[in-house]
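Biologist: Can we go through this model together? I'd like to start with the aromatic residues.

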Amino acid sequence: MIEDQNRCMALAEPLLQDVHDAWHHAFGEYLKYPAEFTAEHDDTTAANCIRSHMWKEVTRRFAGRKRCKLIRMRGLNLLLHRDELVFRFKKVDGAGRHRNYQTQQQEDFDDQLPLPELPPEAVRLTSGYQPDFAGQSIERIIVARPIRRSIAWAAQVNVTDGAASWVDITPARLPGTEHMDYRGRKSAPGD
Amino acid sequence: MHQVTNERFNPDMLRLARDAREATQEDLANWSGVTQALISKVENGLTQPSEEVVEKIAAALRFPRAFFFQQERAMGFPPFHYRKRTRLGAKALARINASMNIRRQHVAKLMRSYEREVLKPIPQYDLDETGLTPERVAERLRAYWMLPRGPVDNIVDLIERAGGIVIPVRFGTDLLDAISFRAEGLPPLFFVNKDIPGDRYRFSLAHELGHIVMHNIPADDQKMEAEADRFAAAFLMPAQDVRPYLNTVKISTLARVKAFWKVSIKALIKRAHDLKLITDHYYKVLNIQYNKSFAQGEPIVIPLEQPSALKNAVKYHMQNLGYSIRDLAAMLCLTEDDAQLVYGDVPRLRLISS
């Protein structure tokens with residue numbers, strides 16, 4: 001099952017601007033760290049710090065909001081919306097792919113397999129930021145539907161004049177392979 | 001009060017003034033109404049100009065009359081950077097040289113009445129005599145100046161505390177970053193291009209410091225340049241201290257390292273390669289990535305470090321010795337406007353009317 005991008009992004013629409021702004025806030029917070037500390041950070045540490053600020057900001061913006069639920073599940077920090085969408089927050093590449101070592105729980109999340117506290121029908125999405133080459137600013141904010149280490153689709157979120165919009169940035173694939181993890185892995189069960 | 005020791009017109013000063021304004025003899029003739037033939041003869045010392053001609057030339061070149069009567073000798077370039085200089089146009093080279101000479105004269109005049117206490121002056125090490133490498137010299141200098149481990153916080157301050165004078169100037173080209181030299185009776189002078197990024201500015205000053213410390217006697221230009229570069233890299237990024245920051249050499253991590261060490265990403269990549277922390281192949285890959293990513297310049301702005309020695313000397317003259325801006329301009333043989341422009345924060349005298 002590949003969830004329809006238009007449907008998912010329409011459902012996500014009320015959250016997009018806040019998520020977009022929260023990422024920029026989190027990144028900005030990291031840039032305030034003294035250079036003597038950030039010089040010792042590798043990319044993973046930097047990403048962890050930013051993600052930590054992101055989660056705090058997500059909590060500030062969404063805790064108590066109607067139809068939103070914040071879930072912490074052994075390292076997975078999730079934002080559930082209307083029992084239909086669930087976001088996790090990651091640094092991603094230009095195609096919306098995340099790159100960490102994956103735990104079983106993360107694989108299950110991406111594969112839409114049952115996880116406690118998560119409604120099975122909620123589509124699992126990655127809300128991510130792509131830093132610039134030098135890691136000094138955000139290149140773009142992306143929402144992606146992960147398939148393990150790859151993606152089914154990706155959308156770039158833009159905010160102009162206080163209104164959020166999105167554009168499809170899913171990399172082109174050969175006809176007939178749209179449902180596949182194009183990095184050569186098997187497609188996820190149920191796809 | 002100013003340095004006009006006799007009333008003989010000095011052709012060297014005319015050339016300097018003309019070069020400082022990037023004017024050809026023909027330009028000067030057009031601006032001043034004096035014939036080029038006469039200007040040429042005056043410059044070559046074949047004739048002394050009349051008072052009227054001096055006034056016209058002075059007005060055209062915007063220097064006070066006294067400037068042309070200073071009995072100073074113009075200096076050429078120091079024996080470094082020969083290769084870089086050959087790539088510069090003659091006009092740019094002449095202007096830089098003129099600017100360097102004029103500012104040198106200012107330093108000489110300002111330092112006559114202003115004394116600085118220097119506890120640990122810039123030392124000299126002869127590499128051939130001592131058998132030291134540039135890296136070892138850098139290490140010794142850091143130890144001599146008792147620098148803490150890690151990045152050099154402010155290299156301009158270090159140089160000036162050691163008796164040097166740093167003078168940021170507008171070279172009008174990015175082919176030449178800095179020039180330094182020792183001149184008799186003067187502290188070591190470091191002229192640095194103020195239009196370059198702060199990280200390059202620091203590296204250039206460290207490079208010049210290397211010349212001043214190691215190259216008292218000129219040798220092969222290429223060799224001296226390479227030694228000064230090695231000195232600068234080791235002085236700003238000591239191997240033992242910088243190594244932990246170069247464990248993961250990626251452009252994205254180097255930007256953060258740059259912010260702390262205040263050296264360019266390019267310099268960090270080179271240092272990682274020189275310290276054999278990355279392979280030749282990966283060094284090439286990084287350079288390709290670098291060129292692709294930073295064609296418009298590197299991220300992270302390192303602020304230009306501001307010197308204070310010359311400013312303090314000017315301030316001393318004005319506050320302690322009672323110089324007015326007019327006195328100062330007269331001493332330095334500048335117009336009042338130029339004195340204001342060159343020594344930016346020199347307070348201007350204002351007329352107050354009730």
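Modeller: One aromatic cluster is formed by W23(A), F27(A), W55(A), F87(A), F89(A) and Y129(A). This is a predicted model: local features need pLDDT of at least 70, side-chain atom pairs count only at pLDDT 80 or more, and totals for chains, interfaces and linings use all residues. Residues are numbered from 1 along each chain as its sequence is written, chains are lettered from A and ligands numbered from 1 in the order written, and side-chain values use heavy atoms, with hydrogens and water left out.

Biologist: How many aromatic pairs over all chains?

Modeller: There are 18. Rings of Phe, Tyr and Trp (its six-membered ring) pair if their centres lie within 6.5 Å; planes under 30 degrees apart count as stacked, over 60 as edge-to-face and the rest as tilted.

Biologist: What do W23(A) and F89(A) form?

Modeller: An edge-to-face pair, 6.2 Å centre to centre with 65° between the planes. W23(A) is in helix α1 (residues 5–31) of chain A and F89(A) in strand β3 (residues 85–91) of chain A, 66 residues apart. Helices (H or I, at least four residues) and strands (E, at least two) are DSSP runs, numbered from the N terminus.

Biologist: Is W23(A) buried or exposed?

Modeller: W23(A) is buried, at 0% relative accessible area. F89(A) counts as buried too, at 3%. Buried means under 20% relative accessible area, exposed over 50%, partly exposed in between (1.4 Å probe, protein chains only).

Biologist: Now chain B. At what angle do the axes of α16(B) and α17(B) cross?

Modeller: Roughly 125°, and the axes of α16 (residues 309–319) and α17 (residues 325–332) of chain B come within 10 Å. Axes are lines fitted to C-alpha atoms, for helices over the stretch in contact, and angles run from 0 to 180 degrees between N-to-C directions. So α16(B) is oblique to α17(B). Angles under 35 degrees count as roughly parallel, over 145 as roughly antiparallel, 65 to 115 as roughly perpendicular and the rest as oblique.

Biologist: Which residues make the contact?

Modeller: V314(B), H317(B) and M318(B) of α16(B), with I325(B), L328(B) and M331(B) of α17(B).

Conventions
Contact = heavy atoms within 4.5 Å.
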